[in-house]
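This briefing covers helix packing and salt bridges in one protein model. Please look through the sequence and the structure before reading on.

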Amino acid sequence: MTKRNDVVKFGGNPVTLIGTEIKIGDKAPDFTVLNPDLSSLSLKDTKGQVRVISVVPSIDTSVCDIQTRWFNEEAAKIDGLTVLSISADLPFALKKYCAAQGIATIKTLSDHRELDFGLKYGFVIEELRLLSRGTVVIDKDDIVRHVEYVANIGDQPDYDKVMAVVKQYL
């Protein structure tokens, strides 16, 4: 298992990311996560679309809530864009959150069972068994066009950069 140190900090302290670091130009690995209704969703289920993967540690935190709401609102404005919000939260928590907050445009997905996404894309925080904050943009041909591992997990991702890349590939 690949381990990377000094990539991100949680609460000001360095944490270890495990899994394969994803890079621009890579073929996006397929992965399987859970929908809030416990059905499976794989990357291949969204083939032929431009996808943003919004990675959050836990939907129950204010920064993750802001990030999820931002992508939900922006995704509604862009035809042909699919946003997958992935965390290690339980599917039940995601379903409750989406119902309470009116999140309906993006797909909120759970990686809690196998950390399949997190390990294949290098977002798993070893010390916490949570996903680190970040974003990935994948084009219609399953090529990674943008990736950000947010250096301080308490910070927001670079939304402007994500949207600039999305507009290039729509």
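Which residues are linked in a network of salt bridges? Lys47, Arg51 and Asp142 form that network. The model is a predicted one, and nine salt bridges are found in it.

**Salt bridge between aspartate 139 and arginine 145**

- Aspartate 139 and arginine 145 meet through their side chains in a salt bridge, with an N to O distance of 2.8 Å.
- Aspartate 139 has a relative accessibility of 3% and counts as buried, because the cut-off for buried is under 20%.
- Arginine 145, with a relative accessible area of 28%, is partly exposed.

- Helix 3 spans residues 116-121 and contains both lysine 120 and aspartate 116.
- These two residues are four positions apart in the helix, which is about one turn.
- A salt bridge joins lysine 120 to aspartate 116, and their closest N and O atoms are 3.2 Å apart.
- On the lysine side the relative accessible area is 33%, so lysine 120 is partly exposed.
- Aspartate 116 counts as buried, at 16% relative accessibility.

**Salt bridge between lysine 77 and glutamate 74**

- In the salt bridge of lysine 77 with glutamate 74, the closest N and O atoms lie 3.0 Å apart.
- Lysine 77 reaches 60% relative accessibility and therefore counts as exposed, since exposed means over 50%.

**Packing of helix 1 and helix 4**

- Two packed helices are described by the angle between their axes and by the distance between those axes.
- For helix 1 (residues 62-75) and helix 4 (residues 159-169), the axes come within 12 Å and the crossing angle is roughly 30°.
- Helix 1 is therefore roughly parallel to helix 4, because angles under 35 degrees count as roughly parallel.
- The crossing of helix 1 past helix 4 is right-handed.
- Helix 1 contributes Ile66, Gln67, Trp70 and Phe71 to the contact, and helix 4 contributes Tyr159, Val162 and Met163.
- Sorted by class, the residues in the contact of helix 1 with helix 4 are six nonpolar and one polar, with no charged residues.

Key:
Residues numbered from 1 in each chain as written. Predicted model: local features only at pLDDT ≥ 70, side-chain atom pairs only at ≥ 80, totals over all residues. Heavy atoms only, no water. Axes fitted to C-alpha atoms, helices over the stretch in contact; angles between N-to-C directions. Parallel < 35°, antiparallel > 145°, perpendicular 65-115°, else oblique. Left-handed = near helix turned anticlockwise from the far one by under 90°. Contact = heavy atoms within 4.5 Å. Nonpolar A, V, L, I, M, F, W, Y, C, P; charged D, E, K, R; others polar. Salt bridge = Lys/Arg side-chain N within 4 Å of Asp/Glu carboxyl O. Buried < 20%, exposed > 50% of the residue type's maximum accessible area, 1.4 Å probe, protein only.
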